[in-house]
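This report describes some features of the structure shown below, taking its pockets, its cavity and one of its sheets in turn.

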Amino acid sequence: MAGIILDTTIDSLPGIFYVMNRQGYFVKWNQQFKQVSGYSVEELSVIHALELFQGPDKRKLAASVGEVFQTGYSTVEADFVAKDGTSTPYYFTGKKIQDNGATHLVGMGIDISERRKTELSLKKSEERFRKLTETAIDAIISIDSAGRIQMFNDAAERIFGYTGEEIHHKTIDQLIPERYGAIFMKGIRNYLETGVSTILGQIFEFNGRRKGGDLFPCELSLSEVKAGDEISFIGIVRDITDRKKTEAELEQFTHALQESNDTKDKFFSIIAHDLKSPFNAILGLTNALIQDYKRLDEKRIAGLLNTIKTSSERAFELLENLLAWANAQTGQIVYKPQQVSL
């Protein structure tokens with residue numbers, strides 16, 4: 001009765017179960033072990049345990065078995081190879097027992113296929129993240145909830161001037177002036193205590209501090225990363241020195257353009273006022289000639305024509321000045337200074 005209960009208990013275990021002698025042959029196993037291996041009872045009775053493994057795993061298992069018989073306990077991960085050649089990763093535990101003066105190894109194996117898939121997926125994800133951080137042009141910095149720097153990518157090293165080893169586990173105050181650091185850490189503490197964030201998912205502009213102490217304008221966006229009960233934060237920092245310089249140049253250009261427009265408007269107003277007088281004279285005298293030329297003597301007509309000519313020359317001179325100014329503004333006049341004798 002006790003044997004039946006023991007066999008039923010062994011068969012109900014969540015993984016494979018086996019008993020092995022010092023020579024490496026199986027003396028007992030559960031149904032799951034038989035099913036996973038694909039071997040018959042007769043075959044399992046004569047097959048050596050190491051034949052169920054290949055390559056490096058065979059050496060790992062041999063070392064683990066030796067450790068069990070020496071120390072009494074061992075664990076190992078290895079790929080279990082069935083009769084049909086299929087391979088399944090297992091986590092094995094082995095324990096030494098004494099039975100009627102004979103020493104045996106009692107082992108159990110748990111299928112870790114899903115764990116391996118998860119680990120592989122995580123490894124690929126980490127590799128993608130690593131490549132992303134290495135190739136990013138912006139600084140990517142990871143900090144813990146206390147503001148200590150955990151990760152510092154290549155761009156961060158280039159922008160701030162520190163190496164990853166120098167800055168690791170230093171506080172964020174190393175990278176930003178104290179007044180900004182206090183605001184930053186206050187926002188993190190407030191979020192951890194209340195769950196309400198005033199800093200996550202937003203873009204801030206402030207001055208960063210390089211290794212030598214120089215300040216530079218930068219842009220920060222912050223996001224949260226949760227791993228179990230631990231909360232950390234990833235900041236993406238962009239050096240906006242060139243952008244600020246461009247904005248300043250654009251503002252200066254806009255100001256200069258406004259001044260140029262104001263000058264142009266003032267100049268046109270002056271030209272228009274100055275042109276009005278000669279043209280009034282030309283129009284008035286021309287009308288007088290048209291209406292009264294039959295009653296005017298030659299001397300009077302000559303005087304009027306001379307005044308019209310003078311007014312026309314004055315108007316033409318103003319137009320010439322206007323054209324010269326326009327050419328100067330558009331760069332069509334080439335400036336060629338020369339030395340002259342005074």
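## The largest pocket

The largest pocket holds about 310 Å³ of space, where a pocket is an open set of points on a 1 Å grid over the protein atoms alone, with protein on both sides within 12 Å along at least five of seven lines. Grid points are joined across faces, edges and corners, and the volume is the space filled by the 1.4 Å probe spheres set on them. The model is predicted, so that local features need pLDDT of at least 70 and side-chain atom pairs count only at pLDDT 80 or more, while totals for chains, interfaces and linings use all residues. Residues are numbered from 1 along each chain as its sequence is written, and side-chain values use heavy atoms, leaving out hydrogens and water.

Its lining comprises 18 residues (those with an atom within 4 Å of a point), and Ile176, Tyr180, Phe184, Phe206 and Leu220 lie nearest the centre. At least two lining residues come from each of strand 6 (139-144), helix 8, strand 8 (203-209), strand 9 (215-227) and strand 10 (230-239); helices (H or I, at least four residues) and strands (E, at least two) are DSSP runs numbered from the N terminus. By class, the lining has 15 nonpolar, 2 polar and 1 charged residues, with Ala, Val, Leu, Ile, Met, Phe, Trp, Tyr, Cys and Pro counted as nonpolar, Asp, Glu, Lys and Arg as charged, and the others, Gly among them, as polar.

## The second largest pocket

The second largest pocket has a volume of about 160 Å³, and Phe129, Ser142, Met151, Val225, Ser232 and Ile234 line it. These divide into 4 nonpolar and 2 polar residues, with no charged ones.

## The cavity

There is 1 cavity of 30 Å³ or more, a cavity being a set of points where a 1.4 Å probe fits but cannot get out.

An open sheet is formed by 5 strands in the order 2-1-5-4-3 with antiparallel pairing, two strands being paired if DSSP finds at least two bridges between them. Strand 2 (26-29) and strand 3 (73-81) each have a single partner strand, so one side of each lacks a neighbour in the sheet.
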